[in-house]
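Subject: Structure handover, with notes on pockets, cavities and aromatic contacts

Hello,

Here is the structure I said I would pass on. Please look it over first; my notes come after it.

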There are 2 protein chains.
Amino acid sequence: MNAPASTPVTTELRINPERLWASLMDLARIGATSRGGVRRLALTEEDRQGRDQVVQWFRAAGLEVRVDEVGNVFGRRAGTDPQAPAVATGSHIDTQPSGGKFDGNYGVLAGLEVVRTLNDHGIRTRAPLEVVFWTNEEGSRFTPVMMGSGAFAGLFAPDFIRERADLEGKTVGEELARIGYRGAQPCGQVPGGMYAAYFEAHIEQGPVLEDADLPIGVVTGALGQQWYDVVVTGQDAHAGPTPMALRHDALLAAARMIEAVNRIALAEAPHGRGTVGFIQAAPNSRNVIPGQVKFSVDFRNLAQAGLDRMDAAMREAFALAAAQGQCEVGITQVTKYKPCVFHPDCVDSVRSAARALNLPQMDVVSGAGHDAVYLNGVAPTGMIFVPCKDGISHNEIEDAKPEHLAAGANVLLLAMLEHAR
Amino acid sequence: MNAPASTPVTTELRINPERLWASLMDLARIGATSRGGVRRLALTEEDRQGRDQVVQWFRAAGLEVRVDEVGNVFGRRAGTDPQAPAVATGSHIDTQPSGGKFDGNYGVLAGLEVVRTLNDHGIRTRAPLEVVFWTNEEGSRFTPVMMGSGAFAGLFAPDFIRERADLEGKTVGEELARIGYRGAQPCGQVPGGMYAAYFEAHIEQGPVLEDADLPIGVVTGALGQQWYDVVVTGQDAHAGPTPMALRHDALLAAARMIEAVNRIALAEAPHGRGTVGFIQAAPNSRNVIPGQVKFSVDFRNLAQAGLDRMDAAMREAFALAAAQGQCEVGITQVTKYKPCVFHPDCVDSVRSAARALNLPQMDVVSGAGHDAVYLNGVAPTGMIFVPCKDGISHNEIEDAKPEHLAAGANVLLLAMLEHAR
């Protein structure tokens, strides 16, 4: 008996959790660190080995592999309708210098597990499926971050990307050629046309799901980001002979600005974030009042109007703190990422899939950037978050529970099938 | 006609301002920096040249020179009563790495100018006079600071001092021998017994006199100091995915502690001082919430009870800020100098001298340490402050007005004569 052209799917279909976990652990051995993490920087020998491993798995699962001109790798599973645009999923396999096993890797291997599950059950979809890993999402060795997906979405020209150099002067183009991943396919072109939908499964990298004790986060969007460099200038002076009233203490003024950053973010609950991650005082000597302090501000919010309010509130608060502290302040905006709202159809598919699987869920937003944020500019996109231990990632102790990883992969399976069947 | 054994002195006696200024400028040429400052670190070749110059001036002014076992140099002018304890003045000629022309040097050369003035007028005093320069007051190359005066006052054993090493491993003992200033005289011994009085003229190193537009500060004491190392421990986490309420932001907690240090010092007006001069955040990356912040606290006050209150208030405020920020805090006291009250007779002599000279004056306290603070432990001691430009010292742009320097030297002259005649 011939299989029907497109096989009906039931919600009883499930991925194989042990196989997913085993593949995650296998991939984590490439670039493994002594403290249980992974160091697999983009376009290094470790990245080559990781890429070769995943490509081998892609081929073993019957996927047809393409590599584009910036090293993005696409594994394609044919559909019954060769003219239909593909439904895609993916993430990245490069890591931070002291990275973990799950960030990025999970999204790629969850996609592979979806394909393997469909193979197990002999299920063919109408639309083709693609599993992708994007070049240099982390940006640790080469900037900009989310390099491959940004080039795919048309934000960066391929020539610009290939000329980016690391600290030793080695370029992306040279390193792609060296490791055998400088492909022929033009960036952003997909057989049969741009994706009908793109999904990305990812560990949350934050504490919200764990705190709420929920396995699935339905990601409705990603926060926009505005980053600033701030310089507070006072006058350095002896800590002893200078009475409090006659000081121009740049660190005291900066401390009040740091408090203001927190207050401004709290006023934008629940999506506002305000962080001072970097600070440097001069002359930074224990018995000298600091004459200059430099620090960073990282504001995030889900709406541009909110970011604009935060910007205005910061300028007002910083001017006040500087004046109170008899200091000057200079503010320079250094980076801006617009807020991202994922496609309602994709968000609904994720939510429906979790419901069909009886998985407790909540709507969440991504505070960090992801390849999916750039994909959202060219295709309907959605994301699935699963909890990670203590909300920690970009760290060798990054951890996630097998049952949560399996739950997210099952949601991915059903969401992709909804669009591909 | 023979001069009387002790010459009557009138308040018309004045030092020679041009000669004082010329000597200051001459000494400032040794170790001069391109930006108008002086770099004459203790026991370097520059210090040797500076010492040789001052010793030559001492001898030319008829002073008998002694060097003690830690390199302190004493120039003695005989009195008519050889059994009388001497009246002394002095300071130091070593500088900070980017020091100025006046810090220390002024006190030594004002003392020399007092002697030259008495020589000009053929005035002999009953008690001997001494002009001293103390080894390594600044502590930039060797610790502890105020090394020579501390050894003289019996706080440091000479062997301990000679074993102190700089960053290259060179010891005080070796360097004293190399530059020819490892003397024979035991530390703390003075011919005729310990000083009847010790005075030190110094630039204020703070902005109080300039702010009040007064040429003379009558220094009544020196602030006690308590220094602390503080470590705030939170949890580093991604700036994006971590909601404000779930953060353990060590820098936000530290910012509130810095504000508390300021508040605690203001509550101890006018003599309380609170400074955070050093801060270091980890991982100090703009998009990571800082998991650890280290900073210093420098508290100063004129009474130990005040320092005790500041200590208690700090511990309470820091515990609160840590709890509010879901962080831990550790506080280690690293240094303690007790408050110093100068001898009322010496303070009165300075005040009376300024009055006799019709010089506007105010009582001030020294916020910084000085050789005079250690001398106060072994002899009646007083200090004279003159304004410095913008209150700045320990800086190549350190500056003072010739008329203020002359005024301070005239006060020193009359104050010393009151005790020596």
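The notes below cover pockets, then cavities, then aromatic rings.

Please keep in mind that this is a predicted model.

Pockets

The largest pocket holds about 1100 Å³ of space. Its lining is made up of 47 residues, and those nearest the centre are A:Val145, A:Trp227, A:His394, B:His238 and B:Asn287. At least two lining residues come from each of β7 (224-233), β13 (328-337) and α11 (371-375) of chain A, and also from β8 (237-238) of chain B. By class, the lining of the largest pocket has 20 nonpolar, 20 polar and 7 charged residues.

The second largest pocket has a volume of about 900 Å³. It is lined by 36 residues, with A:His238, A:Asn287, A:Val288, B:Gln96 and B:His394 closest to its centre. The elements giving two or more residues to this lining are β8 (237-238) of chain A, and β7 (224-233) and β13 (328-337) of chain B. The lining of the second largest pocket divides into 11 nonpolar, 17 polar and 8 charged residues.

Cavities

How many cavities of 30 Å³ or more are there? The count comes to 2.

The largest cavity has about 40 Å³ of space. Residues of both chains line this cavity: A:Ile258, A:Val261, A:Asn262, A:Gly274, A:Thr275, A:Val276, B:Asp249 and B:Leu252. Two or more of the lining residues are given by each of α8 (250-266) and β9 (273-275) of chain A. The largest share, 3 residues, belongs to α8(A). Sorted by class, the lining of the largest cavity has 4 nonpolar, 3 polar and 1 charged residues.

The second largest cavity has a volume of about 30 Å³. Its lining consists of A:Thr95, A:Gln96, A:Gly99, A:Gly100, A:Asp103, A:Glu138, A:His394 and A:Glu398.

Aromatic rings

Over all chains, the count is 22 aromatic pairs. One of them joins B:Phe74 and B:Trp134: the ring centres are 5.7 Å apart and the planes stand at 90 degrees, so this pair is edge-to-face. B:Phe74 belongs to strand β2 (residues 73-77) of chain B, while B:Trp134 is in the loop between β4 (129-133) and α4 (147-152) of chain B, so the pair ties together parts 60 residues apart in sequence. Are these two residues buried or exposed? B:Phe74 has a relative accessible area of 0% and is therefore buried. B:Trp134, at 1%, is buried as well.

In chain A, one aromatic cluster is formed by A:Phe74, A:Trp134, A:Phe152, A:Tyr195 and A:Tyr198.

Two contacts between a charge and a ring complete the notes. A:Arg51 lies over the face of A:Tyr181, 4.9 Å from the ring centre. In chain B, the charged end of B:Arg51 sits over the ring of B:Tyr181, at 4.9 Å from its centre.

Regards

Notes:
Residues are numbered from 1 along each chain as its sequence is written. Chains are lettered from A and ligands numbered from 1 in the order in which they are written. This is a predicted model: local features need pLDDT of at least 70, side-chain atom pairs count only at pLDDT 80 or more; totals for chains, interfaces and linings use all residues. Side-chain values use heavy atoms; hydrogens and water are left out. On a 1 Å grid over the protein atoms alone, a cavity is a set of points where a 1.4 Å probe fits but cannot get out, and a pocket is an open set with protein on both sides within 12 Å along at least five of seven lines; lining residues have an atom within 4 Å of a point. Grid points are joined across faces, edges and corners, and a volume is the space filled by probe spheres set on the points. Helices (H or I, at least four residues) and strands (E, at least two) are DSSP runs, numbered from the N terminus. Ala, Val, Leu, Ile, Met, Phe, Trp, Tyr, Cys and Pro count as nonpolar, Asp, Glu, Lys and Arg as charged, and the others, Gly among them, as polar. Rings of Phe, Tyr and Trp (its six-membered ring) pair if their centres lie within 6.5 Å; planes under 30 degrees apart count as stacked, over 60 as edge-to-face and the rest as tilted. Buried means under 20% relative accessible area, exposed over 50%, partly exposed in between (1.4 Å probe, protein chains only). A charge sits over a ring if NZ of Lys or CZ of Arg is within 6 Å of the ring centre and within 35 degrees of the ring normal.
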